[in-house]
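The sequence and the structure are shown first.

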Amino acid sequence: MHALHKVLQAFFSPSSARLSLPDVWSGFTVNLKMMFLAEALVLVFALAIAIVRGLPGRGAAPLRGLAIVYTDLFRGTPLILVAYLVGFGLPGLQLISTQSNFVYGVLALTLVYTAYVTEVYRAGIESVHPSQRMAARSLGLSYFQALRYVVVPQAVRRVIPPLLNDFVGLQKDTALIAVIGVTEAALQAQNFSNKYYNFTAYVVAAVFFVFLTIPLARFTDHLIAVREQRERAQAL
């Protein structure tokens with residue numbers, strides 16, 4: 001019982017939860033801002049890179065190669081290392097104007113998750129049957145018009161569930177940006193723990209992340225179930 005009491009006091013203290021709540025919530029709003037900004041940037045850049053990877057012809061080979069190198073590089077590099085390189089490396093070079101740690105954090109998230117989402121978009125684009133592309137071209141649409149009006153709209157609808165799964169991961173990974181000094185929920189919890197020698201603030205931060213993640217995960221499951229039901233109905 002004594003050990004259980006110590007665990008409850010260290011991790012689930014109501015008084016510590018109330019004391020840490022304002023600072024942890026203030027930090028969590030920073031996580032939310034990073035998440036929404038990075039998601040908006042990722043959606044745009046990843047689609048552009050996915051389209052570049054699918055460009056036909058020898059003339060586009062260098063662009064396709066660059067897109068492949070970028071995707072492989074940032075999918076294979078841990079986010080925490082990218083955060084270090086961006087958050088400490090770029091200011092150290094002094095080649096560009098110094099930005100806030102928040103900006104560097106959003107940049108690191110965008111670089112890594114753009115690589116992941118590019119592959120999601122590419123899978124969606126390739127899932128559209130080539131006959132639809134050919135039909136669009138036969139109607140007089142250019143290559144890019146066919147992409148814009150025929151291929152991309154279908155591809156985006158098909159990849160919404162995996163996109164949401166990636167964004168669940170992005171939302172959680174905003175906590176890693178604390179390593180470059182962004183005062184978000186995890187860092188606020190660490191500051192509280194260091195000051196009061198109590199870990200309840202970490203639990204409070206975890207609860208905030210869980211409350212945001214679970215509804216998004218359930219919504220993703222719902223979309224997947226609806227899509228599977230629609231596909232079964234079409235197969236009958």
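In this predicted model, the largest nonpolar core comprises 52 residues, and those with the most contacts inside it are Val24, Met34, Val117, Tyr121 and Ile177. At least two residues of this core come from each of the helices H2 (14–53), H3 (61–76), H4 (79–93), H5 (101–127), H7 (143–158), H8 (160–173), H9 (185–196) and H10 (200–235). For valine 24, once its neighbours within four places in sequence are left aside, the residues in contact are Ala185, Gln188, Ala189, Ala201, Val204, Ala205 and Phe208.

| Helix pair | Angle between axes | Axis distance |
|---|---|---|
| H6 and H7 | about 140 degrees | 9 Å apart |
| H2 and H8 | roughly 145 degrees | within 10 Å |

Helix H6, which spans residues 130–138, packs against H7 at about 140 degrees, and the two helices are therefore oblique to each other. The crossing in which H6 passes H7 is right-handed. On the H6 side, the contact is made by Gln132, Arg133, Ala136 and Arg137, while H7 contributes Tyr143, Ala146, Leu147, Val150, Val151 and Gln154. Sorted by class, the contact of H6 with H7 contains six nonpolar, two polar and two charged residues.

H2 likewise passes H8 in a right-handed crossing. Here the contact involves Phe28, Met35, Ala38, Glu39, Val42 and Leu43 of H2, together with Leu163, Phe167, Leu170 and Gln171 of H8. The residues of the contact of H2 with H8 comprise eight that are nonpolar, one that is polar and one that is charged.

Two loop residues remain to be described. Threonine 183 lies in the loop between H8 and H9, and because its relative accessibility is 38%, threonine 183 counts as partly exposed. Although threonine 183 and asparagine 31 are 152 residues apart along the chain, their C-alpha atoms are separated by 9.0 Å. Leaving aside its neighbours within four places in sequence, threonine 183 is in contact with Gly27, Val30 and Gln188; Gln188 is also one of the residues in contact with valine 24.

Tyrosine 197 is found in the loop between H9 and H10, where it has a positive phi of about 55 degrees although it is not a glycine. With a relative accessibility of 72%, tyrosine 197 counts as exposed, because the cut-off for that class is over 50%.

Methods:
Residues are numbered from 1 along each chain as its sequence is written. This is a predicted model: local features need pLDDT of at least 70, side-chain atom pairs count only at pLDDT 80 or more; totals for chains, interfaces and linings use all residues. Side-chain values use heavy atoms; hydrogens and water are left out. A nonpolar core is a set of buried Ala, Val, Leu, Ile, Met, Phe, Trp, Tyr and Cys residues joined through side-chain atoms within 4.5 Å. Buried means under 20% relative accessible area, exposed over 50%, partly exposed in between (1.4 Å probe, protein chains only). Helices (H or I, at least four residues) and strands (E, at least two) are DSSP runs, numbered from the N terminus. Contact means heavy atoms within 4.5 Å. Axes are lines fitted to C-alpha atoms, for helices over the stretch in contact, and angles run from 0 to 180 degrees between N-to-C directions. Angles under 35 degrees count as roughly parallel, over 145 as roughly antiparallel, 65 to 115 as roughly perpendicular and the rest as oblique. A crossing is left-handed if the near helix is turned anticlockwise from the far one by less than a right angle, and right-handed if clockwise. Ala, Val, Leu, Ile, Met, Phe, Trp, Tyr, Cys and Pro count as nonpolar, Asp, Glu, Lys and Arg as charged, and the others, Gly among them, as polar.
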